[in-house]
Amino acid sequence: MNKVFHVALREFVATVATKGFIIGIVITPVIILIAIVGMRTLLNEKAPRIEGEVAVVDPTGEVFADVHDYLRPEAIAERRGELKELAEEQIPEAAKPFAASTGQGEAARMALDAVLGEVPKLEVVRLDDTADVEAAKQPLLSGDGTSGGRLALLVIHDDAVVKPADREELGSYDLFIREKLDDRIKDEITGGVREAIVEARLRLAGLDPGEIQALTRVDRVRSRTVTAEGEKETNEILNALMPMAFMLLLFVSVLSGGQGLMTTTIEDKSSRVVEVLLSAVSPMQLMTGKIIGQMAVGLVILGAYAGMGVGALAAFAVVGMLDYSLIVYLIIFYFIAFFVVASLMAAIGAAVNEMREAQTFMTPVMLTLIVPWVLWMPISRDPNSTFAVVTSFLPPINSFVMLLRMSSTTPPPLWQVWLSILVGVASAYAAVWFAAKVFRIGILMFGKPPDFRTLVRWVRMA
Amino acid sequence: MADAIHVRGVTKTFGPKVAVRDLDLTVPEGGLYGFIGPNGAGKTTTIRMVMSILFPDRGELSVLGHKSALEAKDRIGYLPEERGVHRKMKVGSFLAYVARLKGQKGSGLRHKVHAWLERVGLAEVENKRCEELSKGMQQKIQFVSAVLHEPELLILDEPFSGLDPVNMRLLRDLVLEQHRRGATIIFSTHVMVQAEQICRQIVMINDGEKVLDDSLAEIRTRFDPRTILFEPMSREADASPLERIGGVERVSRADGAYEIGLADGCDPSAAMREIVAAIPTARIELHRPTLEDVFIRIVQGSQDASARDVERLRASLRSDAPAEARP
């Protein structure tokens, strides 16, 4: 046991106490930060301001005035302001001072400004009721649509506001626009026309539009999640990101540990130090020591990133969202997933002579590890579907899928969790058993790397 | 005295190739055994089986009284044929690490490492990475890692390959010193001269089979001298009388001297007297058989080796070329 400890300690120190590892663990958050800052800069690139004319043919005479009002730059700006406020509401109440102090609130506003584009300057002109529609369309073909010129032609039907006696339904309108018109302008126009027509209809029917609006309006509220510790606001964005974050943590830590194990095994083998070691420890002790050492490396990575994650949640004062038992399960599933993946990696490392030869064997392992990522969307959308339940008992991806389900908003029943853990422990045992056999024979084999058939023979032999 | 190593009827095959066939070997405690044979004879495979790195297909072995070397690993020092170090580790840390794996502990360990490095003249590399050392230096480091824990049994697989004469002598002295300390030593080599210089007892292996297992002195008596080297005073001297001397089987000339082969059972001293009487002599001597001669005679006796085969064998027993990698 003492020997296993020394092997593990060396493995850990040799991996962690290198510049590469330290840079690697620091650089990932830096890259994320750069990505965020870069995105902000990119988003600050404002869309060009749009200027132009919207021509209206309004035989009813009831609609134009409202459309004109609706498309005034001030009115557009006001509506966008409301939208912005709505967006800001999405930032948790408690996080606002923080967001403001770090300029993130500012960033959010700027980003929103950029998305909305600068308020367009639209000139709404009324054409003669009897104007030739075909002729009025002609200006839509000239100009580039950003500096003046006709952007859209709106033709209100004469039965749009008042129903003639011989018709069953009210009429509507036609909208003609130039090519490549900004979607938001089109939305502004259709929104304005719709509102203007409805108001005109209500007015002519003798109803008070204000009252109707008041009667039909129901505020959209945000749900509140009731927990044993009390009520809290449901945060939909974080709820969606949480399973992703947990799976990412598991994936990164398992893979870096596993990859490290394979690399050092190949190194030990190609530098021929392995025979010296085998004169002091048994192959099983050597492999166990190496696995434990790299497991600790993975735990360091897991701890570092999980710590950063919890820190970030705390900074936004939404740490209450985090169910701490999930972290315990994360660690349990880390051990399971690590043992499965690392054993396979150790076996691969022992079987080949150099990194290049390892690629053939790596491909199936990597493909298997990518499966949970492909399944992420369907599973997080419906964490209790038959598909999700079955895959959460299917080694070697069960750890990833189960963690995904557990961190979703509808966690699976506890028995499923423990069944998955049980399956995981069994598969980890099987993987270690397989790896030990391949390791024992492969570690002293030099020359042509084995094919899968040879591997099976080794397992039978040992 | 108890046996340090006891091997009975051990066979090991790799696919169709029989690496070791039905081998018996006994090394008593305190013995100094040379394990010799050409490349590919099965030396390394045997040593790996003794070390429980490989396992025999058949037969049994015991090491230091245990069924497997795994149970006695801390009492064994092993220098494998394939040299290897943790390349990125510092020399001192590497030696301390291997010693810890061998069950050494305590604060004195670092001091011991330093003392050993001083003895092999490498004190200044203690804080260098292993990969910065030359091949010869790495080999000395490996030797230190094999003896640092003062093992009872020291197994050295081709310890001298790749060393210059000065370091070869240093290593030889260190090996002999370990023997004086009381360690049982086995070392393998394909260079017979090295074995002759160090060993008391020789085990010869060829094609996976043991062909000789005796003390050096015994071997020399058993394979008694059969060749007389003779140089006449004058190069032009008539050598025909040589062939008429009783017991002479063959006469061959080389560089103005003659090699005279005697028949079995003939007394060399009588033959020498007759030669000196027949032709004026500048030099005459009885050629003592080297291990190389012995080995070749054994191989020749056991199979119909052609002259070219013998020459190839001779070359392989002299050359210090690194042995080819074998499984």
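**Chat on the A–B contact, a helix and a sheet**

Student: How many residues does each chain bring to the contact?

Tutor: Chain A gives 19 residues and chain B gives 23 residues; two residues are in contact if their C-beta atoms, placed from the backbone, lie within 7 Å. This is a predicted model, in which local features need pLDDT of at least 70, side-chain atom pairs count only at pLDDT 80 or more, and totals for chains, interfaces and linings use all residues. Residues are numbered from 1 along each chain as its sequence is written, while chains are lettered from A and ligands numbered from 1 in the order in which they are written.

Student: Turning to α13 of chain A, why is it described as largely enclosed?
Tutor: Because 20 of its 28 residues are buried, that is, 20 or more other C-beta atoms lie within 10 Å of their own, with C-beta atoms placed from the backbone.

Student: And the sheet in chain B, what is the strand order?
Tutor: The open sheet has 6 strands in the order β5-β6-β7-β3-β8-β9, with mixed pairing; strands pair if DSSP finds at least two bridges between them.

Student: Which strands are at the edges?
Tutor: β5 (76–79) and β9 (209–215) of chain B each pair on one side only.

Student: In which sense do β5(B) and β6(B) pair, parallel or antiparallel?
Tutor: They pair in the parallel sense over 4 bridges, and B:Gly77 of chain B stands opposite B:Leu154 in β6(B).

Definitions and conventions
A residue is buried if 20 or more other C-beta atoms lie within 10 Å of its own, exposed if 12 or fewer, and partly exposed in between; C-beta atoms are placed from the backbone. Helices (H or I, at least four residues) and strands (E, at least two) are DSSP runs, numbered from the N terminus.
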